[in-house]
Structures are given as C-alpha cells and as structure tokens.
Amino acid sequence: MMRNRTYRVVDGERIEGYLRPIFIRNGGDYYLTDLKVFADGAIFFWEWGDLDGLRAKLEAGWVATALEEGAWASAHDLARWRFGEVVSWTTAEELLGEVVDAIDRLNGRPDSTDRCVAAALRYVGSRSETDRIVLRDAYLAIPAHHRIYALGDMDARDIPLRLLISEAGETWDEYVFFEFEDGSEALDEGGVVTEDGRRGAFRYFADWRAPHPAAEAPREADGSAEAGSPTVHLNYGRPVDPRAHGLRNEFPAVIEVADVLYPTVEHAYWALSTDDESLRERIRTAPDSQAARAIAVGAERRPRWADVRLAVMADLLRAKFVQHPDLGEVLLATGDGRLHYGSASSQFWDIRDSAGRNWMGRLLELVRAELVAGRIGLRL
C-alpha cells in the first residue's frame, strides 16, 4: 500500500518515504494532514519523531484514529465541517503496523504480508501443525485493514489464507461465500470450515504466484547502505528516549580539555571559539549552557573559526564519551541508526526538516563508530 510516495533530502542524500492521511486532534478539533514515513525511520506527524514517538501520540489520542461525532474537523485552506455518522477504518494498532510495514518496504525488506505469504508456502509444502501455527501468527501480524490485499487477488481476498490457518469445523463469525475454480466452496452455508474448503486452499496455493515479490536489497561489499537501527531524534527537552538527553551538548557532563575543566561540551565549544582569555573564563564558569552561549555570542570569533569548528567539536565529543563511559554506552546503544540533532544554535549543527545540515548528528555517528573500533581493538 505504497501509492503516495514522497522523499526528503538530508545532506544531499534522497531519503525515500511515503505519506498517508491522518487526523491530528488538537484543542478538541481534528485536523486532516499527512503522516510522512521515511526509510531511515524518521516520521513526521506535525513534529519529527520515530515509531516510539508515533506510538505515544496514538496512545494520547493526538494522532487520532477514533473520531468523535459532532466534533469539528478542518482541512487547512480547504474546508471545515462537523463529523456525523463516523466510520473509522483504521485502529491505532493497525496504523502503527502499517507504518512498520512501510519502513520495511522502503528498505527493500519483507513486510508482514511478505512474511505471511512465505509462511503460507512453507505450510502448503509441509502440512505440519507447527507451520500452520506459525502461519496463523504471521497472518494476524498483518494490519487487519491490509489482510484482504495480501494475495493480490481481490476475488479470493484473504480467504485462502484464512482457510489455511483454520481447522475443519471452525465457524467464521461472518459468512463468506467463495467458490474455487473447481466449483468447491470455501465454507458450508453455516459458515463452517470444511475439509473440501481447506483442500481448495491448498490447491489455490499450488498455482499461486506473488504479484509483487519483495525486492531484494542489494548486497554491498563492505556492509549495507541502509541503517539497521532506528533513527534517534535528539530533541532538546523531550527526546523519545530520556537517556538521549545524555547525548546532547548541554547535558551536565564535565569534560577536561588541555587541563581545563568545562561543565558541558557547550561551555567548552563557546569558550574555545574566542581568543579573549577573560571572556573564555566567563563562558567556562557560566551557570548553564544557554548562559555560556549568550556570553559568547557578542564576542569576536577566533580567526577562521568556521573552518575549524568541526574539528573542535569532534574532539570535544570524543572527550565527553571517552571520559564518561556511561554516556558512551548510551551512544553505542543507538546501533547504526541515524542521529538527528534538533534545537541546536544553527542549521549547520541541527536538522530542520530538509534544511539543516545536521553536523552534530553526523559527528556523533562518527564518534560512535570510533567507540566501536576501540571496543574491537581496531587501530590504524
């Protein structure tokens, strides 16, 4: 279900995505907007987040799947109306499952439908009870509103799959008429699964071919081009994972640089950005990182500071995560996921949709790789 494709550009790289309509509930009213899902795990729902962030918004009802009759709804610059006789097609759980599938497909990985079909073919070949149970679990893992599309056959819908996971004698809650090509029916008139119906399902799969087989991700000689871990959004004040606060530069982690102690990376960066010794001390002893930056803003930068700031920041981050192994563990726990650094002092350092260059996130990824190299004893 990837009809509406989109993308964003990060550091010159095109990140594929898809979008689908959702309602946001804000202040009691509903707003029709787009949910944007990207291959790197980043999700936009009026703010940037990831799967955990979307789950939290669904649980809070802010991303709304249940719509209240009589409530006001709006499509910006288009229309405003009240809900009446509402029928919702997707639950919060189904929407979350749809997003997980979208991320898998965008990365060329099998999604829940692909895994279910593979399980069905295994069961058809083995006829073992163990494989039938595996197939049942795989079928139920498909978001319910997508199950009828699993076989790419809108005549059969998902009936052959449902027959395979059922046992003869089971009764379906709703009566579903379906006739196989040989004239046998899936269920009897009471909605009961019959042996003939199950045999029909096995015959159906004997000739079935996937209409859209999952694409195989290309194998790279030195490792995948895609991240295997989810994107982590390091937003100021409200990261999805509270531990991620420790990855931000304003986190209170004293670092020693050239025999001088700084309360945070932010203090050190701004102090080192000026040649004025008295001003550097004022910045170093500022009560917090915001005050340190405020003092530094009015000062003159070192000559060619813009040309060396990346090297300085990289060394400060190395000092932080080496001198604080507990924070190094938090950084390592992000795996190989992209690190999106939000709410920095400029678009050079942070990520703002497709505008920011995200150098802070990129340097954190570099230091993370260096920590891994140290763990495995790789030294050049």
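Arg132 touches Tyr123, Leu164, Ile165, Ser166, Glu167 and Arg198, with residues up to four places away in sequence not counted; contact here means heavy atoms within 4.5 Å. The model is predicted, so local features need pLDDT of at least 70 and side-chain atom pairs count only at pLDDT 80 or more, whereas totals for chains, interfaces and linings use all residues. Residues are numbered from 1 along each chain as its sequence is written, and side-chain values use heavy atoms, with hydrogens and water left out. Arg132 lies in helix H4 (residues 129-141). Arg132 counts as buried because its relative accessibility is 5% (buried means under 20% relative accessible area, exposed over 50%, partly exposed in between, with a 1.4 Å probe and protein chains only).

Another helical region involves H7 (residues 265-272) and H8 (residues 277-284), which pack at an angle of about 170° with their axes 9 Å apart. From H7, His267, Trp270, Ala271 and Leu272 meet Arg280, Ile283 and Arg284 of H8. The residues of this contact comprise four nonpolar, one polar and two charged.

Turning to the strands, S7 (residues 72-75) and S8 (residues 79-82) run antiparallel and are joined by four bridges; pairing requires at least two DSSP bridges between two strands. Ala73 stands opposite Trp81 in S8. The two strands, S7 and S8, form a hairpin with three residues between them, and Asp77 in the turn has a positive phi of about 60°.

Conventions:
Axes fitted to C-alpha atoms, helices over the stretch in contact; angles between N-to-C directions. Nonpolar A, V, L, I, M, F, W, Y, C, P; charged D, E, K, R; others polar.
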